[in-house]
Protein chains: 2
Amino acid sequence: MKLYTYFRSSAAYRVRIALNLKGVAYDAVPVHLLKDGGEQHGAAYRAVNPSELIPALETDGATLAQSLAIIEYLEEVHPVMPLLPQDALGRARVRALAQTIASDTHPLTNLRVLRHLKGTLGLSEDDKNAWYRHWLGEGMRVLEAQLASSPATGRFCHGDMPTIADCCLVPQVFNARRVGIDLAPFPTITAIDAACAGIPAFQAAHPSQQPDAE
Amino acid sequence: MKLYTYFRSSAAYRVRIALNLKGVAYDAVPVHLLKDGGEQHGAAYRAVNPSELIPALETDGATLAQSLAIIEYLEEVHPVMPLLPQDALGRARVRALAQTIASDTHPLTNLRVLRHLKGTLGLSEDDKNAWYRHWLGEGMRVLEAQLASSPATGRFCHGDMPTIADCCLVPQVFNARRVGIDLAPFPTITAIDAACAGIPAFQAAHPSQQPDAE
């Protein structure tokens, strides 16, 4: 199993957490998103994944794209350490929390969008950073409201075992810290992040622990 | 079952298709995204869905958010007319196609982002439209590459039965047509869109057929 990854990519970070939680071994193939305009745009990686986005997972004779699709696949073929609850309503809640991050927040703040804002639209560094902080902050606000208002929230996003939602939350909080977002308005999120930080599977997936970390 | 919807919302359109394909009856509760700055931002809808995004589905005593999480829920509780293939690799492929649209494309071109580009960043109408066309076009390019390169693509995105991927593709093509994107470079997408257009479940979900259509 080969994971095309970049140490600081949120989406790759999610999949690394899921692989580690399930105890599935993999070979990391680093794709440098910044070097020479981005290795993800080169012919070699484009042949792996035409979206030119990280991550991709080579397994069982296929190449899988999209972090949440990859994690759902891992959930189906490696059901040990389930990352979704047993009940359909619980699964819907976990998937919605994950998508609040993966669909509503992260796509607006990823590298290709930030490059487009500066390169094509000519935004200043300040305006680009304001954009990043606006959408990341909006995503955190919604996530905090969803988590704080529900009795289903426990030590983790859903009860007392990590789920796909936690695989998404932790990389999002990592990004928020990196750009200096004040986390005080998000006590539920930070408590869950702290609970995850105590688990070896999350620790080993951290950007600083990757072979391509800088 | 109550679906909070807006006739032209891509994400609501996806869920309407899924409900219709499965033959699940629902009451449509229109939320006008443009009137008075957007009913989705009012206290009433915010109590339903703190993300202030459409759609939400009230069912089985819960309120579900996020179009793909809602469709996965429908798939689990109404397995008739399955919207995912039987095999795990096939399901991963369908989910990845759906997320190419729902995570990589649509979040960049939805109403709140277009408003932010004009209102907060002060972009001209032309620059805003160029943004829309850029990201929609990029999403279509990737989707076409994924579909055209795979023997798994059939009359629909995956084989000869509609799946979650088709629930996402059709609203995306509707948007592309609305802004006048040239569809000639996307023959696989347009052939699938045409196949879907022949199916009553897709027809009934079309924006023009909704109670709040203008």
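Predicted model: local features only at pLDDT ≥ 70, side-chain atom pairs only at ≥ 80, totals over all residues.

User: Why are the two copies said to be related as by a two-fold rotation axis?

Analyst: Copies are superposed by least squares on the C-alpha atoms of residues with pLDDT of at least 70 in both. Chain B goes onto chain A with an RMSD of 0.0 Å, by a turn of 180 degrees and a shift of 0.0 Å along the axis. The two copies are thus related as by a two-fold rotation axis.

User: Which residue of chain B comes closest to that axis?

Analyst: S103(B) does, with its C-alpha at 2.1 Å.

User: How do you know that the copies meet through the same surface?

Analyst: Contact means heavy atoms within 4.5 Å. Chain B gives 44 residues to the contact, and chain A gives 44 residues. Of the interface residues of chain B, 100% are also interface residues in chain A, so the surface is the same.

User: What is the area buried between chain B and chain A?

Analyst: Buried area is the accessible area (1.4 Å probe) that two parts lose on being put together, summed over both. Here that is about 3,800 Å², and carbon and sulfur atoms give 62% of it. Q66(B), L89(B) and R112(B) supply 14% of the area that chain B buries against chain A, more than any other three residues.

User: What makes R141(B) and E52(A) a salt bridge?

Analyst: The rule asks for a side-chain nitrogen of Lys or Arg within 4 Å of a carboxyl oxygen of Asp or Glu. In R141(B) and E52(A) the closest N and O atoms are 3.4 Å apart. The pair therefore meets the rule. Across the interface the rule finds eight salt bridges.

User: Which helix supplies the largest share of the side of chain B that touches chain A?

Analyst: Helices here are DSSP runs (H or I, at least four residues), numbered from the N terminus. The largest share, nine residues, comes from α4(B).

Methods:
Residues numbered from 1 in each chain as written. Chains lettered and ligands numbered in written order. Heavy atoms only, no water. Helix = DSSP H or I, 4+ residues; strand = E, 2+ residues; numbered from the N terminus.
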